[in-house]
Amino acid sequence: MLDKQSKILKKGGKLSKEVEKKITKKVSKSVAKKTTTKEVKEKLPDHHFKKVKAKRGLAGLGLFAGEDIKKGELIIEYIGEILNKEQADKKATSQYLFEVSRNKTIDGTPRWNIARYCNHACEEAANAESEIKRGRVFIQAIKNIKEGEEIVYDYGEEFVKEHIAPYGCNCTAKQHSYGAMGAVVSQ
Ligand SMILES: [Zn+2]
């Protein structure tokens with residue numbers, strides 16, 4: 001496990017260190033805020049950087065901001081069972097597989113991975129993105145997100161072509177990415 005991580009670290013090089021600093025800073029910042037703000041008394045669950053909740057969204061359940069989130073802030077970590085390539089190939093049909101590197105895939109199927117409720121939006125409508133850092137996956141804001149807004153990120157071409165384009169995309173973009181069409185809204 002450690003061995004695998006150090007390999008990824010080497011590959012990431014300089015960026016990893018910067019990112020590590022950023023993560024540490026973010027965590028300590030949010031901890032400091034929690035102890036001073038009376039209304040935010042409850043401790044966020046592990047892997048959460050910001051308050052979020054799952055409720056009905058663009059396509060089934062979605063992930064919503066439980067507080068204002070600033071552009072660039074980490075929101076939540078995408079966690080799950082770690083699979084090697086062979087194990088991941090066996091589960092290839094799962095929509096919650098997140099390939100981190102050639103031999104490491106996170107299976108985010110478990111319900112405790114609340115990040116899995118984050119729906120897809122095409123580039124134009126996305127307010128977050130998935131970032132792979134040191135072999136881990138984080139959902140990070142790329143726009144300021146207001147409390148109550150749905151958090152959405154671009155799942156990438158491969159996923160969209162396979163799982164979204166055939167049914168039409170539910171996101172709010174006027175122009176969908178990767179040649180996908182908008183979903184037909186049934187009245
Ligand atoms: Zn779209």
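Predicted model: local features only at pLDDT ≥ 70, side-chain atom pairs only at ≥ 80, totals over all residues.

Me: Which strand is joined to S3 by four bridges?

Reply: The partner is strand S9, residues 136-141, and the two run antiparallel. One can also read the pairing residue by residue: Glu-77 stands opposite Phe-138 in S9.

Me: With which other strand does S9 pair in the antiparallel sense, and over how many bridges?

Reply: S9 pairs with strand S8, residues 128-133, over six bridges. Within this pairing, Ala-128 stands opposite Ala-141 in S9. S8 and S9 form a hairpin with two residues between them. Arg-134, in the turn, has a positive phi of about 50°.

Me: Gly-135 lies in the loop between S8 and S9. Does Gly-135 count as buried or exposed, and why?

Reply: Gly-135 counts as buried because it has 20 C-beta neighbours inside 10 Å. Gly-135 and Thr-105 are 30 residues apart in sequence, and their C-alpha atoms are 9.3 Å apart.

Me: How many residues lie between the strands in the hairpin of S1 and S2?

Reply: There are four residues between those strands, and Gly-60 in this hairpin takes a positive phi near 65°. Strand S1, residues 52-56, is joined to S2 by five bridges, and the two strands run antiparallel. The bridge partner of Lys-53 is Phe-64 in S2. Phe-64 also stands opposite Glu-150 in S10, as S2 and S10 pair in the antiparallel sense over two bridges.

Me: How should I think of the side chains along such a strand?

Reply: In a regular strand the side chains alternate between the two faces of the sheet.

Me: What is the order of the strands in the open sheet of three strands?

Reply: The order is S4-S6-S5, with antiparallel pairing. S4 (81-83) and S5 (97-101) are the edge strands, each pairing on one side only. From one strand to the next, the twist averages 30°. S5 and S6 (residues 104-107) are antiparallel and joined by four bridges, and Leu-97 has Asp-107 in S6 as its bridge partner.

Me: Where are nonpolar side chains generally found?

Reply: In soluble globular proteins, nonpolar side chains tend to be buried together. In this model, the largest nonpolar core has 35 residues, and those with the most contacts inside it are Ile-75, Ile-139, Ile-151 and Val-152. S2, S3, S9, S10 (150-153) and helix H4 (157-164) each supply at least two residues of this core. The largest share, four residues, comes from S3.

Me: Which residues are in contact with Ile-151, leaving aside its neighbours within four places in sequence?

Reply: Among them are Val-52, Leu-63, Ile-75, Cys-118 and Ile-139.

Me: Where does Glu-67 lie, and why does it count as partly exposed?

Reply: Glu-67 lies in the loop between S2 (61-65) and S3 (74-78). It counts as partly exposed because it has 13 C-beta neighbours inside 10 Å. Beyond its neighbours within four places in sequence, Glu-67 is in contact with Lys-50, Lys-51 and Glu-147. Glu-67 and Gly-148 are 81 residues apart in sequence, yet 7.3 Å apart from C-alpha to C-alpha.

Me: How many helices and strands are there in the protein?

Reply: The protein has four helices and ten strands. Buried residues make up 27% of its 187 residues. Of the contacts with a separation of 6 or more, 62% are between residues 24 or more positions apart.

Me: What is the mean pLDDT of the protein, and where does pLDDT stay under 50?

Reply: The mean pLDDT is 83, and 76% of the residues reach 70 or more. Over residues 1-15, pLDDT stays under 50, and the model has nine contacts beyond four places in sequence for that stretch. Residues 33-38 are also below 50, with one contact in the model beyond near neighbours in sequence.

Notes: Residues numbered from 1 in each chain as written. Buried ≥ 20, exposed ≤ 12 C-beta atoms within 10 Å, placed from the backbone. Contact = placed C-beta atoms within 7 Å. Pairing = 2+ DSSP bridges. Axes fitted to C-alpha atoms, helices over the stretch in contact; angles between N-to-C directions. Core = buried A, V, L, I, M, F, W, Y, C linked by C-beta atoms within 7 Å. pLDDT = per-residue confidence, 0-100.
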